[in-house]
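Please view the sequence and the structure below, then read on.

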Amino acid sequence: MCSSQELSLRNLLITISYDGSKFHGWQIQHNALTVQEVFQKALYSILNDKPDIKACSRTDSGVHAEMFCISTKISHPIPCIRLKAALNSHLPQSVVVLDVKEVNDDFHARHNAKGKRYIYRVLNRCERDPFYTGRALHYRYDIDVELLNKASKSFIGTHDFTSFCTLDKREKGDFIRTIYDFNVKKTGDIVEFTVEGNGFLYNMVRIMVGTLIYISEGKIEKGSIPRIIESKNRLLAGKTAAPEGLYLNKVFYGEM
């Protein structure tokens, strides 16, 4: 039987955005500052409680999020609009709460995610730009955007992406993912690699981008992405692109 406190819990969906250049990723670490740490401290300062929080994903050191979702159950009666304002007053300038709302009791920020969109940004010009330091990969050589946009379509579909992930303890068994769309475009000096899928393996987007850059450089033959996918061999894919260009752009949910 549920206690009265359990019955009064409110399930909240909190949407934040952050500049990851000052953080060692989302997940709490013992020896480095993370987004989860500063968020939990802000939440505790308001609620005087440490509710369990569920994140939509994990981002690595230096990776950014334009939309990052957290679910948590609290018993505090604070209205959502006031919690949003309070959190923003306690969080550093590099993290902002965009929205707080109540959702169904069984909603989970990660389990209910239907898909995600990532954008990888490259500053493509000879000179560095101080305003993009830590926020885009600086790449001085010409990028054949038309070639890479065509090549990116080979990722679309349901595949075993073993060749495009870094194997560690977080990847166990299932390497099959579905990519819904992949586009490469250039606006001014910025090249954007935009990919949507039902889920992504560790470093998967950064390895796909690194592979496309190798194709642009002629280090990997154009038309070879299907063969690399089929090989399930990480050594045949390109380098892992640097983290500073990667943004979690959107998380897709169904009914909440």
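## A loop residue and a strand residue

N48 lies in the loop between helix 2 (35-47) and strand 2 (53-55); helices (H or I, at least four residues) and strands (E, at least two) are DSSP runs numbered from the N terminus. N48 is exposed, with a relative accessible area of 59%. Buried means under 20% relative accessible area, exposed over 50%, and partly exposed in between, for a 1.4 Å probe and protein chains only. The C-alpha atoms of N48 and P79 are 16 Å apart, and 31 residues separate the two along the chain.

L123 belongs to strand 5 (residues 113-123) and is buried, with a relative accessible area of 3%. Its C-alpha atom is separated by 5.8 Å from that of D189, 66 residues apart along the chain. Not counting residues up to four places away in sequence, L123 touches several residues, including Y132, L137, D189 and I190; contact means heavy atoms within 4.5 Å.

## Basis of the model

This is a predicted model, in which local features need pLDDT of at least 70 and side-chain atom pairs count only at pLDDT 80 or more, while totals for chains, interfaces and linings use all residues. Residues are numbered from 1 along each chain as its sequence is written, and side-chain values use heavy atoms, with hydrogens and water left out.

## Helix packing

Helix 2 and helix 3 (residues 80-90) pack at an angle of about 120°, with their axes 9 Å apart. Axes are lines fitted to C-alpha atoms, for helices over the stretch in contact, and angles run from 0 to 180 degrees between N-to-C directions. Helix 2 is therefore oblique to helix 3; angles under 35 degrees count as roughly parallel, over 145 as roughly antiparallel, 65 to 115 as roughly perpendicular and the rest as oblique. In this pairing, F39, A42, L43, S45 and I46 of helix 2 meet L83, A86, L87 and H90 of helix 3.

The axes of helix 4 (residues 145-152) and helix 5 (residues 204-217) come within 10 Å and cross at roughly 135°, which means that helix 4 is oblique to helix 5. L147, L148, A151 and S152 of helix 4 make the contact with L212, I213, I215 and S216 of helix 5.

## The nonpolar core

The largest nonpolar core has 77 residues, of which I16, F68, L87, F164, F193, M208 and L212 touch the most other members. Such a core is a set of buried Ala, Val, Leu, Ile, Met, Phe, Trp, Tyr and Cys residues joined through side-chain atoms within 4.5 Å. Helix 5 supplies the largest share of this core, eight residues.
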